[in-house]
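Work through the following exercises with the sequence and the model open. Each task is followed by a solution in steps.

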Amino acid sequence: MIQDLGDKKLNNAYAQRIPNPEDRIFRFDNDKILVKALPEGRLLLPEAGELGCPEAQYLFSIGEKRFFLEAPVGSALSKGVSHEDLQIPEGFSFESVRNFRRLEIKELAFAAATAYHLYQWYRDNQYCGRCGRPVKHGVRERALCCPECGNIIYPKIAPAVIVALTDGDRILLTRYNGRAYKRYALIAGFTEIGETAEETVAREVMEEVGLKVKNITYYKSQPWGTDSNLLLGFFCELDGSDGITMDEEELSTAEWFHRGEMPEEDDGFSLTREMMAVFQRGER
């Protein structure tokens with residue numbers, strides 16, 4: 001479980017401080033993360049000692065392991081550090097953040113996604129959106145605070161739904177159009193202002209495949225840091241005609257699959273694939 005308070009002996013758990021050599025550290029360069037390739041295609045995060053124990057931002061702990069974010073270059077955290085100044089240890093290189101799933105332990109994959117979520121927040125909120133002055137770190141909670149006008153900025157979390165639309169022993173699977181992820185997925189979309197999650201389910205299904213739904217049932221949620229999301233998983237049933245009218249700007253494919261013919265398996269990582277596996281096993 002990810003813990004937010006870290007070393008409780010420190011009054012300011014979120015302040016910049018030098019990590020211990022054995023602490024894990026995240027270094028991002030926009031949409032890339034510094035990792036080391038291991039056998040079988042797995043990835044390993046660097047320890048702070050391998051990066052020279054740079055000044056860093058404490059993020060969270062998992063058990064006894066502490067995780068830090070190296071100051072994003074060009075951010076208020078970096079104090080003028082340039083990319084040329086950063087040491088890359090032997091054997092390490094930058095990989096796409098979309099490769100989080102290949103980290104050697106699944107909980108580290110979730111940690112990396114959360115770290116990337118926070119990296120984007122720190123990078124994009126150097127100044128107060130109300131008065132334009134530089135912000136500082138909060139001392140009691142994870143927040144960025146404006147010392148001039150008192151504005152407090154919390155990490156952005158965007159709610160979105162994942163929808164498993166079923167019709168008896170069939171489920172609707174889709175593929176995105178124009179995205180790097182090419183495997184089958186479920187209908188998904190962001191919740192809009194003034195909208196309940198259940199209303200989002202009905203709207204997204206209608207917009208993407210032109211179908212009506214009923215019996216919308218909540219399943220579970222999952223943080224998805226690569227897109228600053230909190231994913232809310234729902235099962236629902238087809239209401240009426242099964243004829244698909246696909247939004248070709250959003251999707252390249254939308255097809256009904258019987259339980260025994262589903263093309264994807266649970267990857268032990270994503271809520272989407274878990275929900276597909278739950279239906280495949282006949283549990284929904």
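Buried means under 20% relative accessible area, exposed means over 50%, and partly exposed lies in between (1.4 Å probe, protein chains only). The model is predicted, so local features need pLDDT of at least 70 and side-chain atom pairs count only at pLDDT 80 or more, while totals for chains, interfaces and linings use all residues. Residues are numbered from 1 along each chain as its sequence is written, and side-chain values use heavy atoms, with hydrogens and water left out.

**Exercise 1. Positive phi**

Task: Determine where asparagine 215 lies and whether it counts as buried, partly exposed or exposed.

Solution. Step 1: asparagine 215 has a positive phi of about 50 degrees, although it is not a glycine. Step 2: asparagine 215 belongs to strand E16, residues 213–224; strands (E, at least two residues) and helices (H or I, at least four) are DSSP runs numbered from the N terminus. Step 3: its relative accessibility is 46%, so asparagine 215 counts as partly exposed.

Solution. Step 3: serine 228 is buried because its relative accessible area is 5%.

**Exercise 2. Aromatic pairs**

Task: Classify the pair of tyrosine 58 and phenylalanine 68.

Solution. Step 1: rings of Phe, Tyr and Trp (its six-membered ring) pair if their centres lie within 6.5 Å; planes under 30 degrees apart are stacked, over 60 edge-to-face, and the rest tilted. Step 2: the whole structure holds 13 aromatic pairs. Step 3: for tyrosine 58 and phenylalanine 68 the centres are 5.7 Å apart and the planes at 75 degrees, so the pair is edge-to-face. Step 4: tyrosine 58 is in strand E7 (residues 56–62) and phenylalanine 68 in strand E8 (residues 65–70), ten residues apart. Step 5: both residues are buried.

Task: Classify the pair of tryptophan 224 and phenylalanine 269.

Solution. Step 1: with 5.5 Å centre to centre and 65 degrees between the planes, this pair is edge-to-face. Step 2: tryptophan 224 lies in strand E16 and phenylalanine 269 in the loop between strand E18 (251–258) and helix H3 (271–280), so the pair ties together parts 45 residues apart in sequence. Step 3: tryptophan 224 counts as buried because its relative accessibility is 16%; phenylalanine 269 counts as buried because its value is 6%.
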